[in-house]
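Subject: Structure handover

Dear colleague,

I am passing the structure on to you with this email, and below it you will find my notes. Please read them with the model open beside you.

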Amino acid sequence: MVITKTDKPLPQVRYWNGGGREESSSKVKVAGNETSARLRGLQSNLAYYTAVRAYNSAGAGPFSATVNATTKKTPPSQPPGNVVWNATDTKVLLNWEQVKAMENESEVTGYKVFYRTSSQNNVQVLNTNKTSAELLLPIKEDYIIEVKATTDGGDGTSSEQIRIPRIT
């Protein structure tokens, strides 16, 4: 039986928030030649500090200089309301109420309109910075439409699903 050791360095990321102490930081080990790591479970709108070090069969190296970043505020919990539509045989006109972010939420930068035919799962997305949209769609099938506010902190809560029946 042959046992081989690797001296390939593997990174480790240490992170903690501004209210926490470095000694009680969380750690994430990254496998292989990865040069990035996803930190999960972070709180919104909070300063975090990170440092990175490599380790191998000889042990752990020193941590890098500390770098800080502030997480974004969460997206709005309020969905776009009062979504109304009007359809012709070639297009759908949509209007909805503006979403206003609470103080602890990210400001709305635009909206995403998600739409698909009722017989397919393939969703298409239209981005707009208005509270209205025009979709050029042949209304030969039912369409399912939802609207979400977009922010620097991610997408907000979805509106109710709107079913637009085919025009016969």
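In these notes a residue is called buried when its relative accessible area is under 20%, exposed when that area is over 50%, and partly exposed in between, using a 1.4 Å probe and protein chains only. Please keep in mind that this is a predicted model, in which local features need pLDDT of at least 70 and side-chain atom pairs count only at pLDDT 80 or more, whereas totals for chains, interfaces and linings use all residues. Residues are numbered from 1 along each chain as its sequence is written, and side-chain values use heavy atoms, with hydrogens and water left out.

I begin with Val83, which has a relative accessible area of 16% and is therefore buried. Val83 lies in the loop between strand 5 (67–70) and strand 6 (84–87), where strands are DSSP runs of E with at least two residues, numbered from the N terminus. Leaving aside residues up to four places away in sequence, Val83 touches Leu94, Asn95, Trp96, Ser159 and Ile162, a contact being heavy atoms within 4.5 Å.

Next come the salt bridges, each defined as a side-chain nitrogen of Lys or Arg within 4 Å of a carboxyl oxygen of Asp or Glu. Side chains of opposite charge can pair when their charged atoms come close. The structure holds 2 salt bridges. One joins the side chains of Lys112 and Asp155, at 3.1 Å from N to O, and this pair links distant parts of the chain, with Lys112 in strand 8 (residues 108–117) and Asp155 in strand 12 (residues 154–155), 43 residues apart. Lys112 is partly exposed at 23% relative accessibility, and Asp155 is partly exposed at 32%.

Arg163 forms a salt bridge with Asp142, their closest N and O atoms being 3.2 Å apart. This pair, too, links distant parts of the chain, 21 residues apart, with Arg163 in strand 13 (residues 162–164) and Asp142 in the loop between strand 10 (132–136) and strand 11 (143–151). Arg163 has a relative accessible area of 49%, so Arg163 counts as partly exposed, and Asp142, at 22% relative accessibility, is partly exposed.

With kind regards

Conventions:
Helix = DSSP H or I, 4+ residues; strand = E, 2+ residues; numbered from the N terminus.
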